[in-house]
Amino acid sequence: MHKQFRVGHADTPHAAVQPSPFMTRRETAAFLKVSEKWLAQSGKAIGPDFHKFGNHCRYHVDDVVRWARQQQVRR
């Protein structure tokens, strides 16, 4: 007999769970190879856009990559 799985249920196999495109500040800092402190202090002024989910700050990977490409210095 096969066990049925429900999305979001604790028994859901890992293959069915999609990775989140949102990163924490720590993950984003590691991705960009910058400090968490710099990322937090840069905020909306110069850093990548972020989303607020309650008290949690999350960075969408597409926004971070887009921001990083805009930082290219041309001579």
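**Salt bridges and buried residues**

User: Start with Glu36. Buried, partly exposed or exposed?
Analyst: Glu36 counts as partly exposed, because its relative accessibility is 35%. Keep in mind that this is a predicted model.

User: What does the Glu36 side chain meet in a salt bridge?
Analyst: Arg26. Their side chains form a salt bridge, 3.1 Å from N to O. The pair links distant parts of the chain, with Glu36 in helix α2 and Arg26 in helix α1, ten residues apart.

User: And Arg26, buried or exposed?
Analyst: Exposed, because Arg26 has 59% relative accessibility.

User: How far apart are Arg66 and Asp63 along helix α3?
Analyst: Three residues, so about one helical turn separates them.

User: How accessible are those two?
Analyst: Arg66 is partly exposed, with a relative accessible area of 46%. Asp63 counts as buried because its relative accessibility is 16%, and the cut-off for buried is under 20%.

User: What does Asp63 contact, leaving aside neighbours within four places in sequence?
Analyst: Asp49 and His51. Asp63 itself sits in helix α3, residues 61–70.

User: New topic. Which residues of helix α2 are buried?
Analyst: Leu39, Ser42 and Gly43, in a helix that covers residues 36–46.

User: What do they pack against?
Analyst: The buried residues of α2 pack against α1 (25–32) and β3 (56–60).

Key: Residues numbered from 1 in each chain as written. Predicted model: local features only at pLDDT ≥ 70, side-chain atom pairs only at ≥ 80, totals over all residues. Heavy atoms only, no water. Buried < 20%, exposed > 50% of the residue type's maximum accessible area, 1.4 Å probe, protein only. Helix = DSSP H or I, 4+ residues; strand = E, 2+ residues; numbered from the N terminus. Contact = heavy atoms within 4.5 Å. Salt bridge = Lys/Arg side-chain N within 4 Å of Asp/Glu carboxyl O.
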